[in-house]
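Visitor: Hi! I'm new to this one, could you walk me through it?
Guide: Happy to, let's bring it up.

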Amino acid sequence: MVQVNGNYLKLKAGYLFPEIARRVRAFSEAHPDAPIIRLGIGDVTEPLPEACRSAMKAAIDEMGTPEGFHGYGPEQGYLWLREAVAQHDFVGRGCQISAEEIFISDGSKCDSANILDILGEGNRIAVTDPVYPVYVDSNVMAGRTGDADQAGRYGGLTYLPISAANGFAAQLPSEPVDLIYLCFPNNPTGAVATRAQLQAWVDYARAHGALILFDAAYEAFIQDPSLPHSIYEIDGARECAIEFRSFSKNAGFTGTRCALTVVPRGLMGTAANGEPVELWALWNRRQCTKFNGVSYIVQRGAEAVYSAEGLAQVKALVRFYMDNAAIIRRELTAAGLAVYGGEQAPYVWLKTPEGLDSWGFFDHLLGQAHVVGTPGSGFGAAGEGYFRLSAFNSRANVEEAMRRIRSL
Ligand code: MLT
């Protein structure tokens, strides 16, 4: 019989969000009339910006003509989109990132997992705890960890706990690590990193020859102008960091699929024989072999994000979700809960009430208020006792969910 990848057997449970969906389905079947409001998975709800839809419609019409038809596109993405990204997201913020360094893809989730293809097996890996589960599970699947302990922590990973006690800011690792996953604004805690905090990470990475994998999927939600949106706003980051960006949350592309990964030229790793190797060349090789690019139509839609109308429409979408986050924060605070995040990020992170652990609070909210959230423990052992609510929903649903929670 064919052998399976035994690393998959080390995975603790189902992936968090399908597991939540499974429990919600079971509840729904038992209570078919319960009007459930979903503030669990961070999936957007508002319609695609008009600028993106118009651009995609025009691209479909183009595809219907012999001159405008597009077959396979460049594996790295069309140059016009890469140039728009470089200009608006990086050069415009003072980062020296060129179009050539931008790889368009169908998602940051996939890219943050796929990047392991080009990294060696012996790397020592640091993640925050709690953390976006993809970083951990993809390392487990790739055989880069040991087994999980009772608390769900995998051997071989360095966990950097973040909690209210340290202001959700991870300490630099006290043991040497080679690969560091950072996500700011943070999923799940909604915390942000200041320029000085990111500088400390970049300095650490450069001093230790480590690579930072920086997930900036939520950068559009930053409200404080003093906060960096990109790791490349930090001196020295080109020498030690890869960045992931997405159109999912700002422009509503979770179902449409478009994202990007930045791999600076000259960013080096080492081969087993000690020779320096450029990561850009490896990622380019990987994408050319395993990926055929994002559809022309979707890339035209993403390009429209950077038009004058697109920029205004995306800004309005972000404002809408951040107003939801403000409502969630206000109402939960009024309900007497300790609330974090939600000011520069679309996630509100809260302490579960006395006597309820994360899954206990999940069941309580689902059962009593028919509101779905995400148990903090699903993001890591140190997330136990916390809970995440997403601001991605309609205003009416957010207000109704808060009304129900307050009346509990
Ligand atoms: C989440 O809820 O954490 C998000 O859905 C993560 C993701 O975008 O994959």
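This is a predicted model: local features need pLDDT of at least 70, side-chain atom pairs count only at pLDDT 80 or more; totals for chains, interfaces and linings use all residues.

Visitor: Great. Which residues surround the ligand?
Guide: The ligand has Phe17, Ile41, Gly42, Tyr132, Asn187, Tyr218, Lys249, Tyr347 and Arg388 around it.

Visitor: And how far is the side chain of Tyr132 from an oxygen atom of the ligand?
Guide: An N or O atom in the Tyr132 side chain is 2.5 Å from a ligand oxygen. Asn187 also has a polar side-chain atom 2.8 Å from an oxygen of the ligand. For Lys249, a side-chain N or O atom sits 2.7 Å from a ligand oxygen.

Visitor: Switching to helices: at what angle do H1 and H10 cross?
Guide: Helix H1, residues 16-30, and helix H10, residues 358-369, cross at roughly 40 degrees, and their axes come within 11 Å. The two are therefore oblique to each other, and the crossing is right-handed.

Visitor: Which residues make that contact?
Guide: H1 brings Leu16, Glu19, Ile20, Arg23, Val24 and Phe27, while H10 brings Trp359, Phe362, Asp363, Leu366 and Gly367. Sorted by class, seven of these are nonpolar, one is polar and three are charged.

Visitor: What about H9 and H11, how are they packed?
Guide: Helix H9 (residues 308-334) packs against helix H11 (residues 395-406) at about 10 degrees, with the axes 10 Å apart. Angles under 35 degrees count as roughly parallel, so H9 and H11 are roughly parallel to each other.

Visitor: Which residues touch there?
Guide: On the H9 side they include Phe320, Asp323, Ile327 and Glu331, and on the H11 side Arg395, Val398 and Met402 are among them. The contact of H9 with H11 has eight nonpolar, one polar and five charged residues.

Visitor: New topic: is the peptide bond from Asp129 to Pro130 cis or trans?
Guide: That bond is cis, with omega near 5 degrees. Pro130 belongs to the loop between strand S3 (125-129) and helix H5 (133-141). Another cis peptide bond links Phe184 to Pro185, with omega about -10 degrees. Pro185 is in the loop between strand S5 (179-183) and helix H6 (195-208).

Visitor: Why point those out?
Guide: Because most peptide bonds are trans.

Visitor: And what is the phi of Phe168?
Guide: Phi is near 60 degrees for Phe168, a positive value in a residue other than glycine. Most residues other than glycine have a negative phi. You can find Phe168 in the loop between strand S4 (157-161) and S5.

Technical notes
Residues are numbered from 1 along each chain as its sequence is written. Side-chain values use heavy atoms; hydrogens and water are left out. Axes are lines fitted to C-alpha atoms, for helices over the stretch in contact, and angles run from 0 to 180 degrees between N-to-C directions. Helices (H or I, at least four residues) and strands (E, at least two) are DSSP runs, numbered from the N terminus. Angles under 35 degrees count as roughly parallel, over 145 as roughly antiparallel, 65 to 115 as roughly perpendicular and the rest as oblique. A crossing is left-handed if the near helix is turned anticlockwise from the far one by less than a right angle, and right-handed if clockwise. Contact means heavy atoms within 4.5 Å. Ala, Val, Leu, Ile, Met, Phe, Trp, Tyr, Cys and Pro count as nonpolar, Asp, Glu, Lys and Arg as charged, and the others, Gly among them, as polar. A residue is near a molecule or strand if one of its heavy atoms lies within 4 Å of it. A polar contact is a pair of N or O atoms within 3.5 Å; within protein, one must be able to donate a hydrogen and the other to accept it, and residues adjacent in sequence count only if both atoms are side-chain atoms.
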